[in-house]
Amino acid sequence: VDEFFGTLRRMAGEGHSLIFISHKLHEVMAISDRVTVLRGGRVVETLKTADTNRRELAQLMVGREVLLRVEKEPGKIGPPRLRIENLSVMGNKGLMAVKEVNLEVQAGEILGIAGVSGNGQRELAEAISGLREPVEGRILVDGTDVTGWQPDKLIPHGVSHIPEERLREGGIKEFSVAENLMLEDHIKHPFAKGGLFLNFGQIAQHCDNLIQKFNIKTPSRDTPLSNLSGGNIQKLILARELSRQPSVLIAAQPTRGVDIGSTEYIHQTLLEQRARETAIVLISEDLDEVRNLS
């Protein structure tokens with residue numbers, strides 16, 4: 001990023017006009033001379049960067065006061081819920097992506113895993129959530145060895161996963177909001193009888209409750225997922241995964257690409273889930289996010 005910004009400054013010094021578009025306020029403050037804030041497709045304000053700050057820009061972007069730093073109370077730590085022993089996982093290129101990793105996450109704890117993407121974080125998350133078979137080692141959830149379990153068995157055991165690729169791994173863009181909220185849960189009681197006959201009334205009520213509770217902005221529950229903004233897709237995935245009341249939550253890059261208002265909401269929601277004695281693994285490139293939440 002520093003090298004890229006150096007290139008932009010050289011271009012500006014050579015007389016080029018540059019437009020830098022970002023929701024990352026520290027980058028906007030570092031690189032720009034003037035800032036124009038858009039909200040709802042309209043220009044809200046144009047300011048000289050030297051005359052403003054991150055808090056003012058955040059308020060202009062969202063239309064209300066935004067907490068740039070979460071207020072985190074000391075957590076009530078319980079017994080271990082997730083234990084990983086000597087875990088090794090192969091990557092897609094045939095090389096070992098995770099090598100003999102050991103970690104333990106207790107109830108009511110957020111464990112932060114920081115680092116640039118491509119250093120084994122994805123493979124680790126996929127192994128814990130049942131999307132990738134480990135080469136060796138063990139994964140235990142609430143004392144049960146779940147190594148090699150598939151997601152359809154892990155989810156009922158209390159493991160939820162917020163993937164870093166929202167549309168490719170977290171949802172189906174052609175499906176409606178309601179269908180995406182019900183993925184993996186549509187065959188369970190009270191949403192279905194015998195796994196065959198859907199109870200559409202219960203499904204509609206459940207989805208409407210989640211849309212309201214998690215403040216998902218959508219015209220209706222029948223709207224295709226592809227019509228939602230990135231922040232609202234992330235809220236939908238969060239709503240689906242947390243509605244299962246997990247004992248272990250894997251949150252991979254939970255705020256990547258979302259606006260500052262959605263970031264604030266997601267952070268607060270993760271802290272609320274922590275208070276429910278969930279063991280949370282937070283994987284993020286954002287060092288401020290790791291430092292503030294874990």
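This is a predicted model: local features need pLDDT of at least 70, side-chain atom pairs count only at pLDDT 80 or more; totals for chains, interfaces and linings use all residues.
Which residue in S12 stands opposite Ile-110? Hold that thought for a moment.

We've got four strands here in an open sheet, and reading across, the order goes S5, S12, S11, S8, with parallel pairing. At the edges sit S5, residues 110-114, and S8, residues 159-162, each of them pairing on one side only. Going from one strand to the next, the twist averages 15°.

Now back to my opening question. S5 pairs with S12, residues 279-284, in the parallel sense, and there are five bridges between them. The residue facing Ile-110 is Ile-280, over in S12. So much for that one.

Then there's a helix on the sheet. That's H9, residues 230-242, and it packs there by touching S8 and also S11, which is 248-252. If you compare directions, H9 makes about 175° with S8.

Where does it sit? You'll find Val-135 in the loop between helix H4, 121-128, and strand S6, 136-141.

Pro-79 is another one I looked at: along the chain, Pro-79 and Val-135 are 56 residues apart, and their C-alpha atoms are separated by 27 Å.

That's what I have for today, thanks.

Conventions: Residues are numbered from 1 along each chain as its sequence is written. Side-chain values use heavy atoms; hydrogens and water are left out. Helices (H or I, at least four residues) and strands (E, at least two) are DSSP runs, numbered from the N terminus. Two strands pair if DSSP finds at least two bridges between them. Axes are lines fitted to C-alpha atoms, for helices over the stretch in contact, and angles run from 0 to 180 degrees between N-to-C directions. Contact means heavy atoms within 4.5 Å.
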